[in-house]
Amino acid sequence: MAAVTQSTPDFLKGVSRKSDQDKELGHVSDAVNVYPDMTFGMSKRPGVSFVADLGTEAAYNNAFWFKFERSASEIYFGAIVSNTVTIWNLNTGATVTVNNPTNAYLSGTRNEFSVAQRKDQMIICNKTKVTGSTGSTVGSLTGSVTAAGELPTSPTVNDTYHVTNTFIAEDDYYVIYQGGAWQEIVKPGIVLGLDPATMPLELNYNTVTGTFFLGSPSYVNRLAGDDNTNPLPSFVGSAINEVFFYNNRLGFLSGDNIILSRVREVFNFFRESALTLSEADVIDLLITSQKPVDLFAVIPQQQGLVLFSRSEQFLMYADEGVLTPSKSTIRTISNFEMDVGIDPVQIGRQVVFTGSAPTYTRVFSMNVQGDQSNSLYNDIGKIVSEWIPSGLDRLVGSSQNSFIALSGPSLDYVYLFRTYEEGENVVFKSWFKWQLPGPVQAFDTSQDQVQVVCKVGGRSVLLRGFISPTAATATLTTEDGLVVVNPCVDMLSSASAFDQVKTSGINNNYVAVPFSPILDAQGNPDLTNAVVMQTDSSSGSSSGAFFRPSEIVQHTISGTTYWAFNIKKVDLSSLSLSSLFVGYTYSMSIELPKIYFRNGNVVDKTASLIINRIKYSCGNTGAISFAIRERSEPAFTTIGEVVQSNYYKLDSVPVDDERIFDLPVHRRNESFDIQISSSSPYPVSLLSMSWEGQYSPRYYKRA
């Protein structure tokens, strides 16, 4: 047998459901709590810090969550539940005043609302509310003439005439004499306008007071024409499925109609005049198709508006580029079966949407082409077929970091797909998943942030994380200052209080936490991943010390009762309260595929291959645990957690920017699987892998 060595340059391609022998180099069998990055390799995901306790789990059960983003540094998170809007400041966790927060229009659940934001204004739409009309136009007709030239030459003020023109009803109009001139008006005695109680609400931010105001906007009434020349919008009598802004217009999707308000008059859905059609007038188009059409989502693009129904997708565009009432066209661009419970998102040039299957979720991407060209499609979820479960109802995307994320209210997992492109070259596409502290009620992104609402310990909590290391509180810096990382800790927060009590000569260090603890299956505080970290918040550096509590109990400090992590048998009394942080570590896990000898892109599946050792190259890495599962065994056996000696000073962060871990194996390649994991608060960055072994072709002839 020949001694051979080969390498895998990276593991950035993420999860693949193909058989191990068909996986490309860089694919893995499973990846939990990781984040692929061209610079740092397959890294441990960032932790999400505790921002605020929002209330009981029951109080926000089935709430609709939304983000109100004024800038990268000023973001608010809101919830609609029990007919009421509640909003929190993401930076401080404080509740923000909402004036007039309760409205009967807001009766609904998490999947029954749509919002659209423009600067300091947000429109909130209830998809279950049937819109209605209200009021009646005033006055009465004085007479009727067939042409404007037949109008009286000496009329009385407020004389109202119907000008019929030809026998066609579409050229009729109405005028009233207003002291010196005839003015066009609406026909007396018909419906005046829209019922505000059934129409979307407006949420405004007041920059002076720093508060919000919720109310019904002033929808403009019909001012000209009649039911033929200036009819009620097509959404009247139906529900509005989606609300959006586009080119200074407010848009609605309702059934098989798309309706856009007048330009710069977002609450006006009527024509300005029955005599002429203005390019700024309302657009109200019916989509014709051989299939049933019920529009539920829209993506504004440079080419126009991409419209989505359950089984057909359309592009609304104008050859001149600007949508107008007379020059807008709608054409079919695809016929995918979509999941109407998940709105599509746009990431860069790609529109990503989901398809339904009985037991799992399918994910597709679309690149809409202009000039009547066919759109380009890709089944991006095919490589992880049946891996993404059903029960998801939210899809969000980060254009800055080129990833999408799928979540659902009953799952504590978020399923992510990230790409990295250099020009026209796609360097990698990677599926992976994150496990968060509890069932994810909301997951969103803003530039380098992720925002999460979870159910934890019977409470609803607001969390925030940063994709890249920041100078935020509790940042860990190595002694030489070369490595700056955020702790891999969820619910990370400053300790609320500290108390030391000696019992029988044993120190009990009660470190108070500002949140309710995570509960185990029996409803008791779960100690498994609880941690107290020692940092120096004033300098931004850390000793890297962390402690696992012996118990989580309620403890009274200075008259206030807290949940507290109790650290026993050490003395923390010399530490300042500001240097103590609490939270929960989480486990990163990468399950690697079987190793095969490769000749270029050809995998030798029939050869005899014994793997002697495997070397893993890592960067910015602390402790790593390796586990091996024999082919006949159902579970992995941990080999041990490794922190290499002589790589860091005592009382400093045990993280180094370059490490190589040497794992002895001495097994046939098909007889074992390897799992890499880490549950410490320190980062992990898996860069590459090389192996050494004994290879024999077994006298087979390779063609």
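**Figure 1. Strands around the second largest pocket of the predicted model.** Strands S32 (350-356), S33 (361-367), S34 (376-378), S36 (403-407), S37 (413-422) and S38 (425-435) each give at least two residues to the lining of the second largest pocket. The model shown here and in the other views is predicted. Strand S37 provides the largest share of this lining, four residues. In total 22 residues line the second largest pocket, and Gln350, Ser365, Thr419, Glu421 and Val426 lie nearest its centre. By class, the lining has ten nonpolar, eight polar and four charged residues. The volume of the second largest pocket is about 530 Å³.

**Figure 2. The largest pocket and its lining.** The largest pocket holds about 1500 Å³ of space. Its lining is made of 43 residues, of which Val115, Pro344, Val345, Leu395 and Asp444 are the closest to the centre. Several strands each supply at least two lining residues, among them S8 (64-71), S13 (113-118), S27 (297-301), S31 (345-347), S35 (394-398) and S39 (440-446). The lining of the largest pocket divides into 24 nonpolar, ten polar and nine charged residues.

Figure 3. Strand S40 (residues 449-456) is mostly covered, with eight of its eight residues buried. In a regular strand the side chains alternate between the two faces of the sheet. Gln449, Gln451, Val453 and Lys455 point one way from S40, while Val450, Val452, Cys454 and Val456 point the other way. Strands S39 and S40 run antiparallel and are joined by six bridges. Aspartate 444 stands opposite glutamine 451 in S40. S39 and S40 form a hairpin with two residues between them, and glutamine 447 in the turn has a positive phi of about 50 degrees. Strand S41 (residues 459-466) also runs antiparallel to S40, with eight bridges between S40 and S41. Lysine 455 has serine 460 in S41 as its bridge partner. S40 and S41 form a hairpin with two residues between them, and here glycine 457 in the turn has a positive phi of about 60 degrees.

**Figure 4. Phenylalanine 235 and phenylalanine 269.** The structure holds 37 aromatic pairs. The ring centres of phenylalanine 235 and phenylalanine 269 are 5.5 Å apart and the ring planes stand at 90 degrees, so this pair is edge-to-face. The pair links distant parts of the chain, 34 residues apart: phenylalanine 235 is in the loop between strands S22 (211-215) and S23 (242-246), and phenylalanine 269 is in the loop between strands S25 (257-260) and S26 (283-286). Phenylalanine 235 is buried, with a relative accessible area of 0%. Phenylalanine 269 is buried too, at 2%.

**Figure 5. Phenylalanine 546 and tyrosine 682.** With ring centres 5.6 Å apart and planes at 70 degrees, phenylalanine 546 and tyrosine 682 are an edge-to-face pair. Phenylalanine 546 belongs to strand S48 (residues 546-547), and tyrosine 682 to the loop between strands S59 (672-678) and S60 (685-696), 136 residues apart. Phenylalanine 546 is partly exposed, at 28% relative accessibility, whereas tyrosine 682 is buried, with a relative accessible area of 7%.

**Figure 6. An aromatic cluster and two charges over rings.** One aromatic cluster is formed by Tyr35, Phe403, Phe432, Trp434 and Phe443. Arginine 45 lies over the face of tyrosine 586, at 3.8 Å from the ring centre. Lysine 433 lies over the face of tyrosine 413, at 4.7 Å from the ring centre.

Definitions and conventions. Residues numbered from 1 in each chain as written. Predicted model: local features only at pLDDT ≥ 70, side-chain atom pairs only at ≥ 80, totals over all residues. Heavy atoms only, no water. Phe/Tyr/Trp six-rings, centres within 6.5 Å; stacked < 30°, edge-to-face > 60°. Buried < 20%, exposed > 50% of the residue type's maximum accessible area, 1.4 Å probe, protein only. Lys NZ or Arg CZ within 6 Å of the ring centre and 35° of its normal. 1 Å grid on protein atoms, 1.4 Å probe; cavity = no way out; pocket = protein on both sides within 12 Å on 5 of 7 lines; lining within 4 Å. Points joined across faces, edges and corners; volume = space filled by probe spheres on them. Nonpolar A, V, L, I, M, F, W, Y, C, P; charged D, E, K, R; others polar. Pairing = 2+ DSSP bridges.
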